[in-house]
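Me: I'm new to this structure. Could you take me closely through the part where the two chains come together?

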Amino acid sequence: MANRLPEEFSDLEGYVDWAEPTEAARMARRIGASMEELTDYYSTLLPRMEAIAAYLDQWDLPELPDDAKPLLYLGMMYMEAAVAVELFKDPDVPESSPAEKLTVLTEHGERALLG
Amino acid sequence: MNAPKHTYAEMYPELGTGPVSTESAVSKEFFEQEREKIFRHQWFSLLKRDSDIPNPGDYFVREIEIVGVSVLVIRGDDNQIRAFHNSCTHRGNRLVHDDRGCTVGMQCDFHGWTYDRQGELAYVTDEEQFYDLDKSELGMPKIHLDIWRGFLFVNFDEMPDQSLETAMGDFNQDLSPFAFDDLECIGRYRYQVDANWKTTMNAFQEGYHVAFVHKRSAPDAFTGDDNPYCHIPKIKLQDNGNQSLAVPAAPEHKLSPTEELAFKFGSTFTQGIGNTEICPGTWQGEAENWGFDLNIIFPFSRINVGAGWCYVDAFWPIAQDKTIYELAYYFPKPVKPSQMISQEFSKIVLRDLSREDLATNEVTHSALMARSIDKLQLSDQEIAVRHLYKTVTARVAG
């Protein structure tokens, strides 16, 4: 299968399934993952985040080419994993209103930013 | 913090200091009175800005369950934003079924009556079969809509008993200078809560809970050695029920590796946009160790402002024991992908933090319904909770 990430990020190719395009899907992936998976993702991405940002910032958001978007989604997914690892020590939010009671309505805004 | 112990009771002696009855949160009859005496007359914040529907034909639909109305808000060809009952004037069928979009007009899927983007009736199918139909009188039924600093509000009174500007009270001076126009909606969420709207909102009206409820999400952002219980440095309670509370930020807050990254790439809810100037329209310059301000527009919507960002939310009553909590974050419009990644951090932390806030509501509501307790014991730090009950009870009695 062809690589979906730019060549300089081929080390992250194994994580490309995490490149979910919407906040609702990223949140669901985080909650459905194990702590081991989230910690592995977090630890792998953390030292690569500055390079990811520098690569993506070649473009303004509306001009971001489609083939760069999986990398953007990996970067956004990093934030979900980081919150689970650094703050909650759990994939979900302990002692909280259950995720099923929450509807994430962010998708339209995300798409609009990407042009 | 060496402030006197009961600062706020001294500022607002009329609110008293005794326990507060839970009756207004558990009584179905009281809820019906709230509906008739408060909700039917209030200005509802739709939690949207005029810039969310920037082009002619852009629209959104919002169900206002408490008055049973489906509201269509649409920008016309003349750039005016209007609100209508989402109903055909022929026989009342619903006109628009999507939540949002852009349209050239509204066509009823029952018999094909068609309205333009100003809500005027433009076409009636087989019109000759009607008797004396005056299309100019049969536009979509209007709902009062007004705009405050870009925020859209509607009112279901035939003639609103006060203007939106009057309802905003001191916010016309205190909050109006905030730079709302620089911001873009970057996240929107809706929660179903099986609890009374006041019980739900009460969890968001004080800092006393922070050290407990947010021990994971915000272990040191709002509480620290000099303010372990998140004492609110400044409160203003308006006679019309509006409230402002400054939430403190702990100066010793340590940034996690990810928060540091997020701030490097853009702005965060704890560090703001990183400017050193005071944000107009906030208490940044007046409250010690300022974090952000909660601004409650009576009865249940808010425009909360931080250093270069804001979030708007509302505790929509659905029934005596059902509430929808909706919130939307507005941050500086991201230009670069790294800024979008950065904002994801604040969005997620605030989203998860609101899930923590909502955790206590349903069990609290159940206990109140069971009359396990019938009074609330409220400290000086919870004076905004007391003020809400006082205002609601006075309005219902009045």
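Reply: Between chain A and chain B there are 26 residue pairs in polar contact, both residues at pLDDT 80 or more; a polar contact is a pair of N or O atoms within 3.5 Å, where within protein one must be able to donate a hydrogen and the other to accept it, and residues adjacent in sequence count only if both atoms are side-chain atoms. This is a predicted model, in which local features need pLDDT of at least 70, side-chain atom pairs count only at pLDDT 80 or more, and totals for chains, interfaces and linings use all residues. Residues are numbered from 1 along each chain as its sequence is written, chains are lettered from A and ligands numbered from 1 in the order in which they are written, and side-chain values use heavy atoms, leaving out hydrogens and water.

The two chains also share 13 salt bridges, meaning a side-chain nitrogen of Lys or Arg within 4 Å of a carboxyl oxygen of Asp or Glu. One of them joins Glu110(A) to Lys347(B), at 3.8 Å from N to O.

On the side of chain A that touches chain B, α4(A) gives the most, with 11 residues. Helices (H or I, at least four residues) and strands (E, at least two) are DSSP runs, numbered from the N terminus. Strand β1(A) runs antiparallel to β12(B), residues 183–193, and three bridges join the two. Within that pairing, Val104(A) has Tyr189(B) as its bridge partner.

Overall, 48 residues of chain A are in contact (heavy atoms within 4.5 Å) with 40 of chain B. Met79(A), Lys101(A) and Leu113(A) lose the most area to chain B in chain A, together 17% of what that side buries, counted as accessible area (1.4 Å probe) lost on being put together.

Notes
Buried area is the accessible area (1.4 Å probe) that two parts lose on being put together, summed over both. Two strands pair if DSSP finds at least two bridges between them.
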